[in-house]
Amino acid sequence: MVVDDEEKANILNTFFSTVFTVENEMLGEIPRNNENPILRVTNLTQEEVRNRLNKIKIDKSPGPDGIHPRVLRELTTGSVPQDWRIANVVPIFKKGSKSEPGNYRPSDSYIMSQEDTNSAAVPHAAEDVQGDDRWLSQHNRFVLDCKDKEPDVLFVGDSMVQLLQQYEVRGRRFGGSCFSPLHALNFGIGGDTTRHVLWRLQNGELENIKPKVIVLWIGTNNHENTAEEVAGGIEAIIKLINTLQPQAKTIVMGLLPRGEKPNPLREKNARVNQLLRSWLPRLPGVQLLDVDFGFVHSDGAVSRHDMFDFLHLTAAGYAKVCRPLHELIMQLLEETPEEKQVTLA
């Protein structure tokens, strides 16, 4: 038995030297010219990639890219979502087994450029500044409504949507006989921005329901964003709606003028509407309701009879907005000829 430390070290050294090969002997001579390159160009066809993915073992752990093999196997079907080609899509894990593709919810962010990310298109929960947690309480109530009710029409947005419930339209209230027969839900929260709506929709407010029409009215509270960023945030919301509720038709309400007299915020809202008119036609199932409601008079002033604080609408102001909105909603809810044939049969 070896007891001397130095002798133990020599024995181990001898053993390891017989096991390991000198690095240079393993690699051989490294080529110094282009006549015998180490790396060669490998051309792969789509069929070869598909065959490889079909043979991938789905019970293995994800590789360096973090994508589970079962998700990669799903790509062999060829049904890659269109948004993957036009946006930066991030799979958001919901619940259950992480190896199941159905337990991930795709989400994308609108990117203004390769260097700068549009903050208006980044989901973010509203801060509880006042300390009463009302914002989150309202969100949780909306999520419960999604489980208990089956709306045909869903309103989403800020206080412009929220106050629809409190004002009479054509002598009828939002909760009475105007939109109520359409089985409508109102998910409006005062002060919300595009970031807050994105967060809410990604966290349960579009689950367990299948609305036919979604009305989106958001953007006037994005004070820290440019018109281009606000329009990009609205576009990101629409893409999310199209992903989570592909059967729904979306109505985007144009931003209203704000302030008693002309001001930079009013100009920015007008610019947002201009951008939306240009951008939205390229998205499926979306219509922009941006009509002249007559709020701005010939002298550039806004009347308090239409906007009591020169931002929020009075009952008379809502009447001007809701007439064309109601007509458009009814138009989108009408049955197609094919649906009528099925109903008659």
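Q: Before we look at the sheet, when do two strands count as paired?
A: Two strands pair if DSSP finds at least two bridges between them. The model here is a predicted one.

Q: Then how many bridges join strand 3 to strand 6?
A: Five bridges join strand 3 (residues 153-157) to strand 6, and the two run parallel. Within this pairing, G157 stands opposite G188 of strand 6.

Q: Which residue of strand 7 is the bridge partner of G157?
A: That partner is W217. Strand 3 and strand 7 pair over five bridges, in the parallel sense.

Q: And what about strand 7 and strand 8, how many bridges there?
A: Four bridges link strand 7 to strand 8 (residues 249-253), and these strands also run parallel.

Q: Are the faces of strand 7 covered or open?
A: Both faces are covered: V213, V215 and W217 are buried on one side, and I214 and L216 are buried on the other. For strand 6 (residues 184-188), four of the five residues are buried.

Q: Moving to helix 9, how many of its residues are buried?
A: Seven of the nine residues in helix 9 (residues 194-202) are buried. Among them are H196, L198 and R200. Just after the helix, G204 takes a positive phi of about 115 degrees.

Q: New topic: how many salt bridges does the structure hold?
A: It holds nine. One of them joins the side chains of D145 and K149, at 3.9 Å from N to O. D145 counts as buried because its relative accessibility is 13%, whereas K149 is partly exposed at 41%.

Q: Which residue forms a salt bridge with E235?
A: The partner is R282, with the closest N and O atoms 2.8 Å apart. E235 lies in helix 10 (residues 227-244) and R282 in the loop between helix 11 and strand 9, so the pair ties together parts that are 47 residues apart in sequence.

Q: Is E235 buried or exposed?
A: E235 counts as buried, at 2% relative accessibility. R282, in contrast, is exposed, with a relative accessible area of 54%.

Q: What about R277, which residue does its side chain meet?
A: R277 meets D290 in a salt bridge of 2.3 Å, N to O. R277 lies in helix 11 and D290 in the loop between strand 9 and helix 12, so this pair ties together parts that are 13 residues apart in sequence.

Q: Last one: which residues form the negative surface patch?
A: D4, D5, E6 and E7 form that patch. E6 is placed in helix 1 (residues 5-19) and counts as exposed, at 58% relative accessibility.

Key. Residues are numbered from 1 along each chain as its sequence is written. This is a predicted model: local features need pLDDT of at least 70, side-chain atom pairs count only at pLDDT 80 or more; totals for chains, interfaces and linings use all residues. Side-chain values use heavy atoms; hydrogens and water are left out. Patches are made of residues with over 30% relative accessible area and no salt bridge: like charges are joined within 9 Å, nonpolar side chains (Val, Leu, Ile, Met, Phe, Trp, Tyr) within 5 Å. Accessible areas come from the Shrake-Rupley method with a 1.4 Å probe; for residues, only the protein chains shown count as cover. A salt bridge is a side-chain nitrogen of Lys or Arg within 4 Å of a carboxyl oxygen of Asp or Glu. Lys and Arg count as positive and Asp and Glu as negative; His and the chain ends are not counted. The place of a charge is taken as NZ of Lys, CZ of Arg, CG of Asp or CD of Glu. Buried means under 20% relative accessible area, exposed over 50%, partly exposed in between (1.4 Å probe, protein chains only).
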